[in-house]
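Below are my notes on the model, as numbered points. Please read them alongside the coordinates.

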Amino acid sequence: MKLKKNDEVIVVIGKDKGKKGKIERGILKENKVLIPGVNLYKRHFKSKLQNKPSEIIEITKPMPVSNVAMICPNCHKETRIGYKIDNKEKIRICKKCNKKV
């Protein structure tokens with residue numbers, strides 16, 4: 001996965017198209033990312049105790065990586081990530097401005 005924690009991303013596909021946020025967590029096995037405030041769903045919880053009321057909670061669900069695009073910190077545009085090998089070190093670069101991310 002080319003996206004990492006704390007990368008600024010924008011949603012490209014889905015019900016939250018156009019929303020921006022930082023990646024909180026990446027789930028490699030499922031190829032998904034968790035972005036707070038994006039892809040919210042409501043969950044109904046029934047009370048287990050008699051004196052405690054039932055409630056509706058909003059949950060942030062993971063979103064597929066293919067539905068988001070990174071925002072380059074240098075050119076501030078929606079971009080893809082590429083790699084460049086420099087001194088036996090793998091560096092992430094922006095595909096639009098060719099600068100280090």
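1. His 76 sits in the loop that joins strand 8 (68–71) to strand 9; helices (H or I, at least four residues) and strands (E, at least two) are DSSP runs, numbered from the N terminus. With a relative accessible area of 61%, His 76 is exposed. The classes are buried under 20% relative accessible area, exposed over 50%, and partly exposed in between (1.4 Å probe, protein chains only). From His 76 to Ile 27 the C-alpha distance is 25 Å, at a sequence separation of 49 residues.

2. This is a predicted model, in which local features need pLDDT of at least 70 and side-chain atom pairs count only at pLDDT 80 or more, while totals for chains, interfaces and linings use all residues. Residues are numbered from 1 along each chain as its sequence is written, and side-chain values use heavy atoms, with hydrogens and water left out.

3. The protein chain has 0 helices and 11 strands. Its radius of gyration is 18 Å, well over the 13 Å that the globule rule gives for 101 residues, so the chain is more spread out than a compact globule. That radius is taken over C-alpha atoms, and the rule is 2.2 Å times the number of residues to the power 0.38. Along the principal axes, the C-alpha trace spans about 65 × 30 × 20 Å. Buried residues make up 29% of the 101 in the protein chain.

4. How many salt bridges does the count come to? The count is 2, where a salt bridge is a side-chain nitrogen of Lys or Arg within 4 Å of a carboxyl oxygen of Asp or Glu. One of them joins the side chains of Asp 7 and Arg 92, at 3.0 Å from N to O. This pair links distant parts of the chain, with Asp 7 in the segment before strand 1 (8–11) and Arg 92 in strand 11, 85 residues apart. Asp 7 and Arg 92 are both buried.

5. Asp 16 and Lys 19 also form a salt bridge, their closest N and O atoms being 3.4 Å apart. Asp 16 is buried, with a relative accessible area of 8%. Lys 19 counts as partly exposed because its relative accessibility is 37%.

6. A surface patch of positive charge gathers Lys 2, Lys 4, Lys 77, Arg 80, Lys 90, Lys 95 and Lys 96. Patches are made of residues with over 30% relative accessible area and no salt bridge; like charges are joined within 9 Å, and nonpolar side chains (Val, Leu, Ile, Met, Phe, Trp, Tyr) within 5 Å. Lys and Arg count as positive and Asp and Glu as negative, with His and the chain ends not counted. Arg 80, one of the patch residues, is in the loop between strand 9 (78–79) and strand 10 (81–86). Its relative accessibility is 63%, so Arg 80 counts as exposed.

7. Asn 87 has a positive phi of about 55 degrees although it is not a glycine. Asn 87 is in the loop between strand 10 and strand 11 (89–94), and at 71% relative accessibility it counts as exposed. Asn 98, also a residue other than glycine, has a positive phi near 55 degrees. Asn 98 belongs to the segment after strand 11 and is exposed at 55% relative accessibility.

Key:
Accessible areas come from the Shrake-Rupley method with a 1.4 Å probe; for residues, only the protein chains shown count as cover. The place of a charge is taken as NZ of Lys, CZ of Arg, CG of Asp or CD of Glu.
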